[in-house]
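Below is a short briefing for someone meeting this structure for the first time. It starts with the ligand and then widens to the whole chain.

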Amino acid sequence: MKFNSFDFLLPDNTWDSIASQNFSAESYGLFLCDLFDEWIKDNNPKIYVRILNTIIDQLIGKNVHFHDFGGWLNDFLLVTINSEGDLSPDDTYRSSDPKLMETDLTVGNSKFGDLLNHPSIHSLYHSANKLSKDCLECSWKNYCQSGSLLHRYEKKEGFTKRSVYCDALKIIYEKISGHLDWIRGVDNDNLIG
Ligand code: SF4
């Protein structure tokens, strides 16, 4: 393979969907650590792995926007326009509460501002900014910000929980932060792509 840019996405799970699975967030964290070790071994600044480069960017103080970490909703809004012209929030959230997608807005009956002011968008925005107690007390809070909003969802509690991948996130943040001296030792602009 001659690809230089990759990503490894965390599966779109919620607290409800993992309840019926033999789920171990830790195993995702260990996988990402192995990935990071291989990446370091290659020592090739041309290889870009989005989830790893994003964490590095966060740890060295860059402003990043990546769906698998919280905070980005403050600066960006993803919306979905389906093939029939229906407007809704980012349909990643369809697997949480499908009602969030029912806006009754279409490209034909509304202006874009109507979507921005829609209760579904407001609800997601407020959820994104309301971290759980666990997250508020976590040393990775300023980077992780509870992870992806979808991963925080539980039918009973809404988006109020920490990420289902919390243990994975803690493991990979620990791992990469332990290599910051190495990261700073290479040409960061090259490393980060
Ligand atoms: S690592 Fe876990 S507790 Fe910490 S901010 Fe992320 S989801 Fe919350």
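Three helices, H6 (133-136), H7 (141-144) and H8 (166-177), each supply at least two residues of the shell around the ligand. Helices (H or I, at least four residues) and strands (E, at least two) are DSSP runs, numbered from the N terminus. The model is a predicted one, in which local features need pLDDT of at least 70 and side-chain atom pairs count only at pLDDT 80 or more, while totals for chains, interfaces and linings use all residues. Residues are numbered from 1 along each chain as its sequence is written.

**Ligand shell**
- The ligand has 13 residues around it, and those that come nearest are Cys135, Cys138, Cys144, Arg162 and Cys166. A residue is near a molecule or strand if its C-beta atom, placed from the backbone, lies within 6 Å of it.
- H8 gives the most to this shell, with three residues.
- By class, the shell holds six nonpolar, three polar and four charged residues. Ala, Val, Leu, Ile, Met, Phe, Trp, Tyr, Cys and Pro count as nonpolar, Asp, Glu, Lys and Arg as charged, and the others, Gly among them, as polar.

**Helix H8**
- H8 has twelve residues and reaches 16 Å from its first C-alpha to its last, close to the 16 Å expected at 1.5 Å a residue. The expected span is 1.5 Å times one less than the number of residues in the helix.
- The buried residues of H8 are Cys166, Ala168, Leu169, Ile171, Ile172, Tyr173 and Ile176. A residue is buried if 20 or more other C-beta atoms lie within 10 Å of its own, exposed if 12 or fewer, and partly exposed in between; C-beta atoms are placed from the backbone.
- Helix H2 (25-42), helix H3 (50-59) and H7 are included in what covers these buried residues.

- Gly29 lies in helix H2 and is buried, because 21 other C-beta atoms are within 10 Å.
- Leaving aside neighbours within four places in sequence, Gly29 is in contact with Asp167, Ala168, Ile171 and Ile172. Two residues are in contact if their C-beta atoms, placed from the backbone, lie within 7 Å.
- Gly29 and Lys170 are 141 residues apart along the chain, yet their C-alpha atoms are separated by 7.7 Å.

**The loop between H7 and H8**
- Gln145 is found in this loop and has a positive phi of about 45 degrees although it is not a glycine.
- Gln145 counts as buried because it has 22 C-beta neighbours inside 10 Å.
- Ser146 lies in the loop as well, and its phi is also positive, near 75 degrees, in a residue other than glycine.
- Ser146 is buried, with 29 other C-beta atoms within 10 Å.

**Domains**
- The protein is divided into domain 1 (5-71 + 143-186) and domain 2 (79-126), with bounds that come from an automatic or database domain assignment.
- The centres of domain 1 and domain 2, taken over C-alpha atoms, are separated by 27 Å.
- Five residues from domain 1 and five residues from domain 2 make the contact.
- On the side of domain 1 that touches domain 2 there are three nonpolar, one polar and one charged residues.

**Whole protein**
- The protein contains ten helices and five strands.
- The C-alpha trace spans about 55 × 35 × 30 Å along its principal axes.
- Of the 193 residues, 32% count as buried.
- Among contacts between residues at least 6 apart in sequence, 60% join residues at least 24 apart.
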